[in-house]
Amino acid sequence: MSIDWLAFLQVFVTALAGAGLVVGFYALGLRLRAASGRIPVVAPAEFTDAIAVLTEKQKRKEEKAAAKAARKSPLTDVQKRAALIGSYACFAMSALAVAAGLLLIVFGPGH
């Protein structure tokens, strides 16, 4: 049995770079979305065996804090809009990186 170490290294580097692109673009997209004043507030899931469940009062407090942070933004409306468009572009790039990886797996060399 012989292992092609060069091919292994290529796959490793490509996977590492792909993961970095996906995570990097997604993180930048979240940061730009928050800068645009549209902070993603996700209501916690209610599970029957949950350790801690937020009460309605706690949920309202978190939403109020998010709205207050959005009002305190030093950006102009044009800058907020540009940040929002940039966030969508980053999310699209993240999705394209995932799609490209899947296409390489399905239709890549050796198939």
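**View 1. Order of the elements along the protein chain.** In this predicted model, the elements of the protein chain follow the order α-α-α when read from the N terminus, and the count for the chain is accordingly given as three helices and zero strands. Among contacts that link residues at least 6 apart in sequence, 74% are between residues at least 24 apart.

View 2. The protein chain comprises 111 residues, of which 13% count as buried.

View 3. Helix 1, which covers residues 5-35, contains 31 residues and spans 44 Å between its first and its last C-alpha, a value close to the 45 Å that is expected at 1.5 Å a residue. Just after helix 1 comes Gly 37, whose phi is positive, at about 95°.

View 4. Ile 3, Trp 5, Leu 6, Phe 8, Leu 9, Phe 12, Val 13 and Leu 16 together make a nonpolar surface patch of about 900 Å².

**View 5. Leu 16 as a member of the nonpolar patch.** Leu 16, which lies in helix 1, is one of the residues that make the nonpolar surface patch. The relative accessible area of Leu 16 is 56%, and Leu 16 is therefore classed as exposed, the cut-off for that class being over 50%.

How values were computed:
Residues numbered from 1 in each chain as written. Predicted model: local features only at pLDDT ≥ 70, side-chain atom pairs only at ≥ 80, totals over all residues. Heavy atoms only, no water. Patch = residues over 30% accessible without salt bridge, like charges linked within 9 Å, V, L, I, M, F, W, Y side chains within 5 Å. Areas by Shrake-Rupley, 256 points an atom, 1.4 Å probe, with all protein chains shown as cover. Salt bridge = Lys/Arg side-chain N within 4 Å of Asp/Glu carboxyl O. Helix = DSSP H or I, 4+ residues; strand = E, 2+ residues; numbered from the N terminus. Buried < 20%, exposed > 50% of the residue type's maximum accessible area, 1.4 Å probe, protein only. Contact = heavy atoms within 4.5 Å. Expected span 1.5 Å × (residues − 1).
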